[in-house]
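Hi,

Here is the structure I promised to pass on. Have a look at it first, and then read my notes below.

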Amino acid sequence: MKVVVSAGGTGGHIYPALAVLEKLKKEDKNLEVLYIGTKNRMESDIIPKRGINYKGIDIYGFSKNVLRDIKNVFLIVKSYRQCLKILEEFKPDIVLGFGGYVTYPVLKAAKKLNIKTFLHEQNSIVGKTNKFLSNNVDLVAVSFLSTLKKFPKAKKVIYSGNPCGENALTTKEIKKSDIGLDNKKKLVIVVAGSLGSSTLNDKLKDFLKLCKKSDYQVLYITGKRHYENFIEKTKFSSNIKVLPYLDNLAGLMRNCDLIITRAGASTMSEILALNLPAIFIPSPYVANNHQYYNALEIVKNNAGKMLEEENLDGKKLFLMVNELLSDKKQYEIMKMNLKNLGKTDSSDVIVKEIKELIK
């Protein structure tokens with residue numbers, strides 16, 4: 001099988017694509033892959049390092065800068081022609097899009113050349129590029145059940161879940177003691193994505209002060225660029241561990257009792273796969289406020305809690321954590337509801353559908 005993959009801009013788009021590629025490789029030892037991404041965003045670094053054939057195209061997202069947006073219209077036309085040439089030369093059986101504006105010219109070119117197309121939406125709120133493309137692709141897969149109805153004109157829409165969640169179940173386990181914590185005590189992880197958030201860091205120092213006499217432990221991940229500033233002139237109690245970053249966080253989430261986190265698509269899929277109760281603090285700085293709606297999918301099913309950033313303070317969060325960890329009945333109900341919402345065979349579902357498409 002020959003496959004072209006396109007996804008860009010954030011890990012929320014890129015890592016589901018990689019999870020599906022891993023599954024395809026396991027089932028087809030002769031698989032040929034070409035990844036089309038941007039020249040200047042994170043996929044241009046991540047994908048070549050994995051030994052995957054990579055083509056970068058010049059394209060940017062639209063902004064409020066009129067001159068830049070006019071220039072980008074010409075770049076879209078140019079990149080579309082470039083994609084036509086790339087696809088004609090590579091001759092893929094199917095083109096897979098996982099979101100980000102870079103997928104637009106790739107899937108439009110595939111449609112023009114009558115190549116089978118697939119689109120995956122990770123978030124509860126549909127991204128603009130996916131919305132534009134959905135009417136012309138052969139198959140759309142969604143991560144949330146409620147998103148099925150948001151593609152009314154698509155040829156076929158299926159509920160697949162997010163393939164990233166499966167990685168959380170198979171990744172190498174990290175024990176609490178591996179990072180200097182007690183394996184026998186409960187653990188609460190606080191994290192705001194790989195980059196961290198200065199806003200959350202400022203607001204949550206009071207939370208950590210309140211936690212010093214708690215019978216649980218807290219791992220607070222600041223983000224690399226905020227770490228030095230966060231720990232400066234601050235002494236933390238012995239039940240609190242502060243790190244700039246933790247590689248393979250999902251490995252530790254397997255031994256965690258509660259996570260306080262943003263509501264990005266990949267994180268959500270890991271929480272669902274692991275049935276890990278969470279308190280979400282959605283980022284209000286993302287497109288279409290999609291993290292709020294991601295979190296809402298969990299909260300309305302009584303499978304998690306949400307505290308919006310504008311209402312966040314240390315004491316309020318501290319009380320929420322204590323209530324969750326002390327109310328065993330509520331905690332177990334939440335875990336059961338997460339299990340009912342989660343899907344742990346996403347890659348299998350997607351790969352099966354891809355094979356059906358190209359028969």
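Let's start with a helix pair: helix 10 (residues 265-274) and helix 11 (residues 290-299) pack at an angle of about 15°, their axes 10 Å apart. That makes helix 10 roughly parallel to helix 11, a label for angles under 35 degrees. Helices here are DSSP runs of H or I with at least four residues, and strands are E runs of at least two. Ala265, Met268 and Leu272 of helix 10 meet Asn294, Ala295 and Ile298 of helix 11, where contact means heavy atoms within 4.5 Å. Of the residues in this contact, five are nonpolar, one is polar and none is charged.

Before going on: this is a predicted model, with local features needing pLDDT of at least 70 and side-chain atom pairs 80 or more, while totals for chains, interfaces and linings use all residues. Numbering runs from 1 along each chain as its sequence is written, and side-chain values use heavy atoms, leaving out hydrogens and water.

Glu310 sits in the loop between strand 13 (305-306) and helix 12 (314-326), and at 66% relative accessibility it counts as exposed. From Glu310 to Glu353 is 43 residues in sequence and 42 Å in space, C-alpha to C-alpha.

Cheers

Technical notes
Axes are lines fitted to C-alpha atoms, for helices over the stretch in contact, and angles run from 0 to 180 degrees between N-to-C directions. Angles under 35 degrees count as roughly parallel, over 145 as roughly antiparallel, 65 to 115 as roughly perpendicular and the rest as oblique. Ala, Val, Leu, Ile, Met, Phe, Trp, Tyr, Cys and Pro count as nonpolar, Asp, Glu, Lys and Arg as charged, and the others, Gly among them, as polar. Buried means under 20% relative accessible area, exposed over 50%, partly exposed in between (1.4 Å probe, protein chains only).
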